Protein chains: 2
Amino acid sequence: MSFPASAPSHTTCTGAMRSVRDSLDLLGGKWKLPIIVGLSGGPQRFKQLQREVAGITAKMLSKELKDLEINGLISRHVQADAAPVAVTYTLAAYGRTLFPVIEALHAWGQQHRAHIMHAGEAVAA
Amino acid sequence: MSFPASAPSHTTCTGAMRSVRDSLDLLGGKWKLPIIVGLSGGPQRFKQLQREVAGITAKMLSKELKDLEINGLISRHVQADAAPVAVTYTLAAYGRTLFPVIEALHAWGQQHRAHIMHAGEAVAA
DNA sequence: GATAGCGGTTTCCCAAAGGATACCGGTATG
DNA sequence: CATACCGGTATCCTTTGGGAAACCGCTATC
């Protein structure tokens, strides 16, 4: 259940690391998580999403969405019936299993920001 | 406490993303987490650690250790008394606050691996 | 007919990440 | 004297990540 709390001994820790690195490979980079969070509020169309993920270029968004779809985290729907061909991206159920991970990163990042500020105060004071 | 479960609305999600990206900036890259896990079992000396983190070069290990130390996640101790100058690296208390994050990444990565295998089975069967 | 939006792709380019190798001064060991 | 271990550093190189801008066909709108 937990990664070894003590005595890594090469083999044990190497094993635990594999899965950690797997996660990081899928979620690493600048845009994967922002996109997932951007979709967490409901389906979005390409340009909508690009506006929401502030700063991302069309090229990056396109590429990252492909990656995420390949890994089953999101799904792409094309409505050819509509006149200018609407495309919507939806966070898949499997993508939602990432929420605890995002939560953990979010919580730590927030606490870390507070930690930094606190250290800064002592200096600034 | 939790990142917005619905209706991101730009501002909300942008705020939540900042801390997530902060975490990723500190922990991202190929080696940071492996090193932390490597130290989770107790203090290690440089070469010991390099052997444990399988595959890392001295240059990378040295650089990453500096980064981690600057961020207060680990601490470096030099024992000049010993003849060939021993250096030990220890996971700081603050570094241990990362355990929940690592746990989350570990758990998801492990589940993901199972997920992939499962999908593979259907094909392989 | 011009302009704007959609959903992208293509090309070019730069900076950062990271690997390989050699080397450093020190000691101990054969 | 040669070799190996320690804790690194310096140099060079390739790979990757990612940004900028132009462009695509199509539609709707002024």
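Modeller: Buried means under 20% relative accessible area, exposed over 50%, and partly exposed in between, with a 1.4 Å probe and protein chains only. By that cut-off, 43% of the 125 residues in chain A are buried. The model is predicted: local features need pLDDT of at least 70, side-chain atom pairs count only at pLDDT 80 or more, and totals for chains, interfaces and linings use all residues. Residues are numbered from 1 along each chain as its sequence is written, chains are lettered from A and ligands numbered from 1 in the order written, and side-chain values use heavy atoms, without hydrogens and water.

Now the surface near DNA strand C (near: a residue heavy atom within 4 Å of the strand). It holds 19 residues. The closest are Ser62(A), Arg76(A), Tyr89(A), Lys30(B) and Lys59(B). By class, nine are nonpolar, two polar and eight charged. Here Ala, Val, Leu, Ile, Met, Phe, Trp, Tyr, Cys and Pro count as nonpolar, Asp, Glu, Lys and Arg as charged, and the others, Gly among them, as polar.

Helices (DSSP H or I, at least four residues) and strands (E, at least two) are numbered from the N terminus. H3 (46–52), H4 (58–70) and E3 (86–91) of chain A, plus H4 (58–70) of chain B, each supply at least two residues. H4(A) gives the most, four.
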